[in-house]
Amino acid sequence: MINRIEEVWAYRGMLVSIVKRDLRSRYKGSFLGFLWTFVNPLLQLVVYSIVFPYILKVTQENYAMFLFIALLPWIFFTSSLQGATTSIVAGSNLVKKIYFPRIILPLAAVSTNLMNYIYGLSIVFAALLITGVHLTVNVLWLPVVLLIEFIFIFGLALIFSSLYVKYRDLEHIVNVLTFVWFYLTPIVFPITIFPEQIGEMVGYNPMVPIIESFRDILLNGTPPDWNRLLYSLIIGVIVLIVGVLLFEKCEKTFAEEL
Amino acid sequence: MKDQTVISIKNVTKTFKIYRDKPVSLKEKVLKLRSNEYSTFYALKNLSLDIRRGETIGLIGHNGCGKSTLLKLITKILYPDQGTITVNGKISSLIELGAGFHPDFTGRENIYINASIFGLSKKEVDQRIDEIIRFSELGKFIENPVRTYSSGMYMKLAFSVAINVNPEILLIDEILSVGDANFQKKCLEKIESFKRNGATIVIVAHDLGTIEKICDRVVWMNEGQIVRQGEADQIINLYIQHMNKQFVEQRQQEYLEISSSGVGEKEEVEVTEANESSDTSTVDEPTFSEDVRWGSKEVEITEARILNAEGKVTNVLMAGEPFCIEIDYKLNREQKAYIFGTGIYTADKVLVYGNNTQIANLKIDRINKRGTVRFKVKKCNLLSGTYKLNVAVVDGDHRALDFIKYYMDFTVVSNDKAVGLFTIEHEWEIG
């Protein structure tokens, strides 16, 4: 295990250059270039903040920020999963011809989206200032919450990416899964919208404490609910362990299956 | 230190499952929409090989013999089903060129991406980048996006990155044919310099000349097993002989298949031209245009053929073995004398050898109604190449009765690596 980590560390240069390449190539040659990184979440923000307060009459205070703070980590979640699921197959010409720790590919997919989230944070902070939200010292917990989310995402990414090599319809399953998951997570609405019993069930969703923690530290200015966040961390670590074991088992035959 | 084994391959077996109809989705797997039937292909069978530090090993064998699979197992792209492979040292592989190249990025940017996939850190690339660019001969093009490169430039850049690593163990698969002759020479020099620095090199190539030049030891593989291994020139000679023999056998087989299926075709032709050729009872008479066949047809050549050492009809001969040219004739009108002749031309129609019964002082004034003339050769001295056969019969005054130039093409395969048309038995003496 230690060897594996050392090996991935030795290949960090590859990780960095793949992430850089993907970030830059996504918008290379387009008119707005790198600005597209911001346009997509901004557009979603605009649509949701019109639809929910004005059409669906949601009465949440500062709804735009309420939504935006939760939406960005959610985009990080879904686009990481979608990107990572196909990462091994997309990199098949590398996998078939060159040795490198295969885990780099899903790791790079998740890291690329992490970077996108971090760029998006600049809009969050600007918007928070504009809407007059007071930032507190609790903002400093942000890296911790982000790390916990990263662990959970990376675990799922490993499971999906290794299974996708064999089962190519998994991509659609992942899309449906994230679509349903979106409505089981309080992103466009507060968790209080659910009836009590269902709300309790929804509470087992490990993304709930993560999303709420982002709101706590950025919008409410309070520390995260550590107990509930610990639950997400434990689930995340379990998923990660399962993911690593599964990935290790599958990666030996990647070059043959592709 | 010198004799230390760096790559140790012990009893390695690798199989591939070849599915007839493989389920590729969860849906199909669950619903069992496709059968899971597969056949097993043995790429490597219980193969053992030790490679010592500083050795340069060449792997040869025909396609599908397991060479590339072996390389992929050594780099850990594939894993063996049975047996173990231990490697002491850092492996660099030149199996894939231009891995991770992105067309929109400049050559320089792609060097960093590509090198990082080979496991180099940014600092290491920084140290080498000037040398890589110099080696690639791209000059100022290095700042242009890779999509603007010609394929030659692309390969040069890719190769320059790959070869400017500092390998302990270098695996090379079929990629030495990159770029122009000068660039290839540079690459070979680079490999020579790795050798001098004590790197261990395993190389797969079809270019036997290169292998013979740079390898200390050659391993000849067939069907996932080692046939022979040893000194480069010795093994390569054996391999060439084996391949030549196999080529001749294969061509012979093809020839027989074509000529047997060809009969059917010709029969059809004969039906359509029935009124013209109704007097000939044989089916096999080939048709020739007037510029390659002329003569009064008072004696007609109905068929000619080449027989190999086993007496089988063929169009491919192994040099050094006996063969025979047979000419079937039919007498339509008696002549005072007859001269039968045959000749061999090169593919570009230069006469190699010609002979006839008059040159051999044979006086023929009577022949049967039908018969066969045989030109028997004890030993085929031609070198490898394609040749043309001509056959002819003329009368005593050399008036053509039936003269067929370029009756058929045939191939000679020779183990003699000399150039020219003929093998001359000889030995060298250096005084």
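Reader: Which residue is the bridge partner of Ile306(B) in E12(B)?
Author: The partner in E12(B) is Thr314(B). This is a predicted model, so read the pairing as part of a prediction.

Reader: How many bridges join E11(B) to E12(B)?
Author: Two bridges join them, and the strands run antiparallel. Strand E11 of chain B covers residues 299-307.

Reader: What sheet are they in?
Author: An open sheet of four strands in chain B, in the order E12-E11-E14-E17, with antiparallel pairing. Strand E12 (313-314) and strand E17 (370-377) of chain B are the edge strands, and each pairs on one side only.

Reader: Where do the side chains point in a strand?
Author: In a regular strand they alternate between the two faces of the sheet.

Reader: Switching to E1(B). How many bridges join E1(B) to E2(B)?
Author: There are 11 bridges, and E1(B) runs antiparallel to strand E2 (residues 38-52) of chain B.

Reader: Now the two chains. How many residues of chain B are in contact with chain A?
Author: On the chain B side 30 residues are in contact, and they meet 27 residues of chain A. The two chains bury about 2,600 Å² between them, with 60% of that on carbon and sulfur atoms. In chain B, the residues that lose the most area to chain A are Ile77(B), Tyr79(B) and Ile117(B), together 22% of what that side buries.

Reader: How many salt bridges are there between chain B and chain A?
Author: Two. One of them pairs Arg24(A) with Glu109(B), whose closest N and O atoms are 2.9 Å apart. The interface also has three residue pairs in polar contact, counting residues at pLDDT 80 or more.

Reader: Why would those side chains pair at all?
Author: Side chains of opposite charge can pair when their charged atoms come close.

Reader: Which elements of chain B give two or more residues to the side that touches chain A?
Author: Strand E1 (5-19), helix H1 (26-31) and helix H3 (107-117) of chain B. H3(B) gives the largest share, five residues. By class, that side of chain B has 14 nonpolar, seven polar and nine charged residues.

Reader: How many salt bridges does the structure hold over all chains?
Author: It holds 26. Among them is a pair inside chain B, Lys156(B) with Glu137(B), at 2.9 Å from N to O. That pair links distant parts of the chain, with its residues 19 apart: Lys156(B) is in helix H5 (residues 151-163) of chain B, and Glu137(B) is in the loop between helix H4 (122-136) and H5.

Reader: Last topic, confidence. What is the mean pLDDT of chain B?
Author: The mean is 83, and 90% of the residues in chain B reach 70 or more. Over residues 263-283 of chain B the pLDDT is below 50, and this stretch has 15 contacts in the model beyond near neighbours in sequence.

Reader: And chain A, where is confidence lowest and where is it highest?
Author: Chain A averages 87, with 97% of its residues at 70 or above. Its lowest confidence is in helix H3 (residues 36-55) of chain A, at a mean of 77, and its highest is in helix H8 (residues 142-164) of chain A, at 95.

Note on methods: Residues are numbered from 1 along each chain as its sequence is written. Chains are lettered from A and ligands numbered from 1 in the order in which they are written. Side-chain values use heavy atoms; hydrogens and water are left out. pLDDT is the predictor's confidence in each residue, from 0 to 100. Two strands pair if DSSP finds at least two bridges between them. Contact means heavy atoms within 4.5 Å. Buried area is the accessible area (1.4 Å probe) that two parts lose on being put together, summed over both. A salt bridge is a side-chain nitrogen of Lys or Arg within 4 Å of a carboxyl oxygen of Asp or Glu. A polar contact is a pair of N or O atoms within 3.5 Å; within protein, one must be able to donate a hydrogen and the other to accept it, and residues adjacent in sequence count only if both atoms are side-chain atoms. Ala, Val, Leu, Ile, Met, Phe, Trp, Tyr, Cys and Pro count as nonpolar, Asp, Glu, Lys and Arg as charged, and the others, Gly among them, as polar.
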